[in-house]
Amino acid sequence: MAEQPESPGAPAVPDATVIEKRRISAVWIIPIVAALIGAWLTWKSVSEKGPEFTITFRTAEGLEAGKTKIRFRDVEMGVVETLSLSDDLTRVIAGCRLEPGMKEYLNAQTRFWVVRARVTAGRVSGLGTLLGGAYIGVDPVDRGQPTVNFRGLENAPLVTSSEAGTRYVLKADRRGSLDIGTPVNFNQVQVGEVVRTELQPEGHIVVDVFVRAPHDKRVRKTTRWFNESGFKATVDGKGLRVETDSFVSMVIGGVGFR
């Protein structure tokens, strides 16, 4: 039978395309479900981990990777995970991790230090570390420039950001027996302590003192500060007289104001 010629102007009829639908074999269901569960567990594990950061110290004395805790008010806030040396071998780098939800405290205002047994003027601290081992103390601040690299303090600060009070800067010609931790007294009652002493290039001594609230309200522009260190002894017809503000001031010194 002869083919009929297509009439001019008639639309071309496209060839039919047959598509075979492929069904997923039941054999693949178990691996797919297992992969989804594994992905969910991985995401859950990563999302529940706290933020990582580093602290550098002069020495790793008392620190152990995986054991040394980071504590605030005797509550654990994190742990030291790794210990390594800096490239120039001058510092120890402690890789640490805080508990989840603590990221806001990783800023330039937060301070870290190693808590060990320590004796300063009139104060003994860290005795619990003799049995439980050293740990890293933290003074958390929730505001500041975010950072994940910290330089640890060599000594625990005498004053933390949570303590109410005011810091004052005094100048003197000589330091005498004043040192960090020396008590600051008002009417022979300790209301603060010396937090820093430094020799200036000009030769005078700068002494930073912290007075706790509410006693800092007693300090005004007309307040006079004086060194309570030592004692005064006089001998007269009545015998020997020794004058000192307090026994502690006689032994370790002190700063007074009125």
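Let us begin with strands β2 and β3. Strand β2 covers residues 69-72 and is joined to β3 by 4 bridges, with the two strands running antiparallel. Please keep in mind throughout that this is a predicted model. Within this pairing, Ile 70 has Gly 78 of β3 as its bridge partner, and Arg 71 stands opposite Glu 76 in β3. The hairpin that β2 and β3 form has 2 residues between the strands, and in this hairpin Arg 73 takes a positive phi near 55 degrees.

One of the residues involved is Ser 84, whose bridge partner in β4 is Ile 93. The hairpin of β3 and β4 has 6 residues between the strands, and Leu 89 there has a positive phi near 65 degrees.

Where do β2, β3 and β4 stand in the order of their sheet? The sheet is open and consists of 7 strands, in the order β5-β8-β2-β3-β4-β1-β9, with mixed pairing. Its edge strands are β5 and β9, the latter spanning residues 149-151, and each of these pairs on one side only. From one strand to the next, the twist averages 35 degrees.

I turn now to the nonpolar cores. The largest one has 17 residues, and those touching the most other members are Phe 53, Ile 55, Phe 57, Ile 70, Cys 96, Phe 112 and Ile 136. Ile 70, then, belongs to this core and is also the residue that bridges to Gly 78. Several strands contribute: β1 (52-57), β3 (75-85), β4 (92-98), β5 (111-115) and β8 (135-139) each supply at least two residues of the core. In soluble globular proteins generally, nonpolar side chains tend to be buried together.

Leaving aside residues up to four places away in sequence, Phe 57 touches Leu 63, Arg 91, Val 92, Ala 94, Trp 113, Val 114, Ile 136, Gly 152 and Leu 153.

The next topic is the aromatic side chains. How many aromatic pairs does a search of the whole structure find? The search finds 6. One of them joins Phe 53 and Phe 150 in an edge-to-face arrangement, with 5.9 Å from centre to centre and 85 degrees between the planes. This pair links distant parts of the chain, since Phe 53 lies in strand β1 and Phe 150 in strand β9, 97 residues apart.

Another pair consists of Tyr 168 and Trp 225. Their ring centres are 5.8 Å apart and their planes lie at 45 degrees, so the pair is tilted. Again distant parts of the chain are linked: Tyr 168 is in strand β10, while Trp 225 is in strand β14 (residues 225-227), and 57 residues separate them. Tyr 168 has a relative accessible area of 19% and is buried, whereas Trp 225, with 25%, is partly exposed. The cut-off matters here, because buried means under 20% relative accessible area. Ring pairs also link Tyr 168, Phe 186, Trp 225 and Phe 257 into a cluster.

Gly 176 is found between β10 (165-172) and β11 (183-186). With 40% relative accessibility, Gly 176 counts as partly exposed. The C-alpha atom of Gly 176 is separated by 8.3 Å from that of Asn 227, although the two residues are 51 residues apart along the chain.

Finally, let me describe the protein as a whole. Its secondary structure comes to 3 helices and 17 strands. The protein has 258 residues, of which 29% count as buried. The accessible surface comes to about 18100 Å², and carbon and sulfur atoms account for 55% of that surface. Among contacts with a separation of 6 or more, 63% are between residues 24 or more positions apart.

Note on methods: Residues are numbered from 1 along each chain as its sequence is written. This is a predicted model: local features need pLDDT of at least 70, side-chain atom pairs count only at pLDDT 80 or more; totals for chains, interfaces and linings use all residues. Side-chain values use heavy atoms; hydrogens and water are left out. A nonpolar core is a set of buried Ala, Val, Leu, Ile, Met, Phe, Trp, Tyr and Cys residues joined through side-chain atoms within 4.5 Å. Buried means under 20% relative accessible area, exposed over 50%, partly exposed in between (1.4 Å probe, protein chains only). Contact means heavy atoms within 4.5 Å. Accessible areas come from the Shrake-Rupley method with a 1.4 Å probe; for residues, only the protein chains shown count as cover. Two strands pair if DSSP finds at least two bridges between them. Axes are lines fitted to C-alpha atoms, for helices over the stretch in contact, and angles run from 0 to 180 degrees between N-to-C directions. Rings of Phe, Tyr and Trp (its six-membered ring) pair if their centres lie within 6.5 Å; planes under 30 degrees apart count as stacked, over 60 as edge-to-face and the rest as tilted.
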